[in-house]
Amino acid sequence: MTLPNDPTTRTVRVPGTEAIATATRSSRTPVWKKLLRDPQAVITISLLVIIVLLGLLTPFLTSHGPNQTDLNAINAPVGTPGFLLGADESGRDIFARLLHSINTAVIAALLGTSVALVVGVLGGLVGGYFGRITQSATEWIFSLIMTFPGVLLLIILMPVTRGDYRPTMLIFGVLLAPGIYRIVRNLVLGVKNELYVDAARVSGLGNLRILGRHVLFVVRGPIIIAAAFLAGTSIGVQSGLAFLGVGSIEIPSFGAMIASGFRNLYIAPTQFLWPSLLLGVITASLVLLGNSLRDAFEGAKPKAARIGAAPSTERTAGADEAVDARNLVEIRNLAIAYPQASGGIAEVVRGVDLKINRGEVVGLVGESGSGKSQTAFATLGVLPNEAIITSGSIVFDGQELVGLSEARMRTLRGREIAYIPQEPMSNLDPSYRVGVQLVEGVRSSSSMSKAEAKDLVLSLLARVGIADPQRTFDSYPHEISGGMAQRALIAGAVASRPKLLIADEPTTALDVTVQAEILDLLRDLQAELDMAVLLVTHNFGVVADVCDRIAVMQNGSIVEAGTTLEIFDHPQHPYTQMLLGSILEEESVRADAPPAAVEGDTK
Amino acid sequence: MSLLEVRDLRVAFPARGFRAAPNEVLHGVSLDVAAGETLGLVGESGSGKTTIGRAVLGLVRASGGSIRFDGEDITTVSGAARRKLSKDIQVVFQDPYTSLNPAMTIGDILAEPLIVQGATGRDARAQVRTLLDQVGLPSDAIERLPREFSGGQRQRVAIARALAPRPRLIVCDEPVSALDLSTQARVLDLFVEIQRATGVAYLFVSHDLTVVRHISHRVAVLYRGDMVETGPAAKVTSDPDDPYTRKLLLAAPVADPRRQQERRLARRALMDAERTA
Amino acid sequence: MTLYILRRLLTGLVLALLVTFITFLLLGSSFEAAAYTILGPSATPQSVADLMNARGWDRPLVVQYFEWLLHAVQGDFGVSVYTSLPVAPSVIQRLLVTLSLIVPALLITAVLSTLLGVWAASRGGAADRTAQVISLVGYIVPGLLLAIGLVVIFSVQLKWLPATGFTPLTDDPLAWVRSITIPVIVLVVGGVANLAAQVRGRMIDELRRDYVRTLRTRGVSTSSIVIRHALRNAGSPALTVLSLEFISMFGSSLIIENVFALPGYGSFAFNASLQGDIPVIMAITAFGVLLVFVVNLITDLANGWLNPKARVQ
């Protein structure tokens, strides 16, 4: 996400760890098929269809009118001949009233839902797609609607609607519209800024076609889901109002039946039971259907996962052979895998061996999907919960990290092992000032007082080249540039004078001039603190600039390792050779002159 | 007469807030692109290089200056007249993951511009095959969705889409920046090959001097909305006159440890000279 | 920040005015019907016209509105057509009854939802599934049925709590608690169902963000990350939901009060509406709108405090 005022970052989206760890997104099966496979959806849809049909078939199912009274049948119990479910306090047939109430409910649902959808969707489309003035205008209109006091309004307007539930539901639909408007408008705003909409414009599509072809598609799912919930809400509100007594006594509805049943609760409890049961079933079905629709349209949502749980390992840790004490980090035969949606696991890192000496800068180079970031995260112990370390060991300063408890790992993180992320902005908490976050990090890994930590952070901010440390300390992340944010993150990382610094593509998201400055800074800090650095990158130029040794990764394994000069001068592995060969020659220039302007068959 | 003539182009974005002054992103930039030529536009974030491209495409409104295409003034053109230009001016965007509608098949994506230009369904289908061929993709891609392809392949689809109406100018907005190293070279070569075959002109925007050098005949360098240098690619990208261009050149690390060390020293020298100046 | 507050205040006021104006216009069409109701069976077209003239109901609506507004801002909401008593005191008293129901319900809902949502999102697994089931149950059962069901069980059968009636807080705190327990439970069940799901969803999203990982690499404790960072960022959208929940609870309570015979806003509005008591209806609207305005303002302020970026917009 680019900040329009930020001159130092540019967006380069390199598909990386997210792509590996994401659960499968919705597959290719069409939505209706997914619904049919969902028992919840099937049951609720069937129930609703049956109920609606019962309502429609009312004339055939009963000969009693909904308000037809029979003074002989007052409070008749269930099973009285001619009164299947008994009769109420006025001698009206409960079964007949129930069936008629279904129709009332259906009409209420249709009115409320369709008005809400029509007004909300149109408002959202218009407000989201067109320019600023239209946007403000629709915002005002819908804010206005939201300021009306909801159900209270429906009660107040009784003299105007004369209690007829139809205009009441129409008004209610308008009151519901802002919720839909907000959803649709946000979706449209999101889509409007997508590049494929720009491309469609450049292809010559008019606004209407773009709305229909590209925008509406994104919107249809949420609308259908909302429809289910809106229907439930409409029926609920109409029943509630009828229960209160808003509305003509002539019109049969669940609310009215429940009200009279409530009054007769001691005399004939079942009078209350039937309408409640039916209302409950309808409402529950609509809610459950809405949930099923949501699952079908939007696919699996990300699941809750416990952070800080140590990643599962299939092998208990323990170094097999003696570890060379000169090595600060020794990774042996590391393998990381993720469970697949189709069952089974897929390895993203396999059999990685890597050594890092004290004070040495090692570059871990590879293209996207090579597993380099995963290796780095494993060393930090911050792999996603789903990750499984299937084998291998990571020994840091004589201590085995694989299988280490989270509490022990925490004592190392931020103290002896530090980390610099790729994208500075998204790695700072937007709600806290920069200084406060850095101080928190410092205090979490040391026993400094607040004042001591603040002094340290300020001096570090100056050390990393920020001109006005106090100002940056007091700023929120969105108020500083990407380059400054990265410097601040570096300051936070080196605060504890760590033995190992893991830098995950620290300059990829930065402008090239800023990149050079950050690399200078890293080189200086590394020399001053005698840190070992694991630099993960895909850029061979960066590697040539700062690294002592290089390891090349492809598809989860290290294919070649050696000193920087060795690898550049005499790459052994064909993949390394291919990579180095793909780097554009510094001297290559277009040799051919532009062809003369050609008319003719190109037009 | 150039195919594309931009004179003194200014673009300003309205600022947030009630009476805040608009934020001018381009302060009067001029450039030319001849038919069949590649003009490389280099700059960092905030230079305005992407904005120039978007102004030429009509995605952003110019607040001053003029843009002429093939002699005609297209600066303020909009609506139906702008849509007519889609025959001549096309685009390839940076992000292969969001420049293709994830819900449409490749065949539909490529047929869309053709149908807008008036081709029948059958014509479009035949042309789609040719296009896929041109960019080196198999014809079974027609029924598949973008998510089934890699970044490099998707970018090829984006190129094919740009070629569909047989344009005379394609604005390329950092088209290889989001691709892997090995794919970058291949896609760049594809661009060159297409230019040789069809004579299309490119306005090639990038932040990477090396990339720009590889594909451009001429190069223009932008810094914070101003053009600081223009000239033949060889000159501007290896021995530039302007100090900013020089800084840019020296800041990009070269993939060779020894030469990089030389470059680093040269950069340090430049920075020291700047400081004492 | 002050500019932000002022902007919000101004916008809110303008909207409140517009709403009362539109409502007045809508009601205007029913003045005549109201007059008939007031006069009862003995109404004649002439007596109705006289009544309307006496009360000034035959003047242009805009004029009537502004006169009403002028008095309203001075605190004078007129007198009831039926009782001739000043309107404002009774409206406020009824409003307080309803609020004494909603405010505790909202607070309990907020606390429970936050606990449930955070617990579910940061633990995952069984905790998460439990929370989702709880939410679902709250969604499925309509509030009205739950209210009646609880009354039947706890008041009628078990006789633990009073079925009807309301004791103001100031009279007898314990009795007050007993009289609002079941209504509050009903409101809370519905509220938690919605809000807990929202909090859970937002927390899950927030915990997946990059800055969470970076904080971990600094050695910040998990509880600190969850509460100080993730919850704070998730709180902003959740607050908006809370304000909507308030409005929704207000609507629900209008209906539920009927079950428990509580002398609240709902029945008051219903009766006034039935009787066509225009001054009372207008006062009810005005206070209702004022309530919405205050709730929205508080939410916006809290949002602005929690989320620094929101202030810029």
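## Exercises on a predicted three-chain model

**Exercise 1. Compare the radius of gyration of chain A with that of a compact globule of 603 residues.**

Solution. 
- The reference comes first: a compact globule of 603 residues would have a radius of gyration near 25 Å.
- Chain A has 34 Å instead.
- Next, take the extents. The C-alpha trace of chain A spans about 105 × 70 × 55 Å along its principal axes.
- Then check burial: 50% of the 603 residues in chain A are buried.
- Finally, look at contact range. Of the contacts in chain A between residues at least 6 apart in sequence, 70% join residues at least 24 apart.
- These values come from a predicted model.

**Exercise 2. Work out which elements of chain A touch chain C, and which one gives the largest share.**

Solution. 
- Start with the secondary structure: chain A has 23 helices and 11 strands.
- Count the contact residues. On chain A there are 58, and they meet 65 residues of chain C.
- List the elements that give two or more residues to this side of chain A: α6 (132-147), α7 (150-156), α8 (158-161), α11 (207-244), α12 (254-263), α13 (269-298) and α16 (434-444).
- Pick the main contributor. The largest share, six residues, comes from α13(A).

**Exercise 3. Describe the largest nonpolar core and the surroundings of Ala491(A).**

Solution. 
- The core has 344 residues.
- Residues with the most contacts inside it include Ile155(A), Ile336(A), Ala491(A) and Leu203(B).
- Assign the largest share: helix α10 (residues 222-260) of chain C supplies 18 residues of this core.
- Now zoom in on Ala491(A). Leaving out residues up to four places away in sequence, Ala491(A) touches Leu438(A), Val457(A), Leu460(A), Leu461(A), Arg463(A) and Val464(A).

**Exercise 4. Trace the six-strand open sheet of chain B, then find the bridge partner of Val92(B).**

Solution. 
- Write down the order: β6-β7-β8-β3-β9-β10. The pairing is mixed.
- β6 (89-92) and β10 (226-232) of chain B each pair on one side only.
- Follow β6(B) to its partner. Four bridges join β6(B) to β7 (residues 169-173) of chain B, and the two run parallel.
- Locate the residue pair: Val92(B) has Cys172(B) in β7(B) as its bridge partner.

**Exercise 5. Decide which elements of chain B have the lowest and the highest mean pLDDT.**

Solution. 
- Begin with the whole chain. Chain B averages a pLDDT of 91, and 98% of its residues score at least 70.
- Go down to elements: helix α2 (residues 80-85) of chain B has the lowest mean, 88.
- The highest mean, 96, belongs to β7(B).

Notes:
Residues are numbered from 1 along each chain as its sequence is written. Chains are lettered from A and ligands numbered from 1 in the order in which they are written. This is a predicted model: local features need pLDDT of at least 70, side-chain atom pairs count only at pLDDT 80 or more; totals for chains, interfaces and linings use all residues. A nonpolar core is a set of buried Ala, Val, Leu, Ile, Met, Phe, Trp, Tyr and Cys residues joined through C-beta atoms within 7 Å. A residue is buried if 20 or more other C-beta atoms lie within 10 Å of its own, exposed if 12 or fewer, and partly exposed in between; C-beta atoms are placed from the backbone. Two residues are in contact if their C-beta atoms, placed from the backbone, lie within 7 Å. Two strands pair if DSSP finds at least two bridges between them. pLDDT is the predictor's confidence in each residue, from 0 to 100. The radius of gyration is taken over C-alpha atoms; the globule rule is 2.2 Å times the number of residues to the power 0.38.
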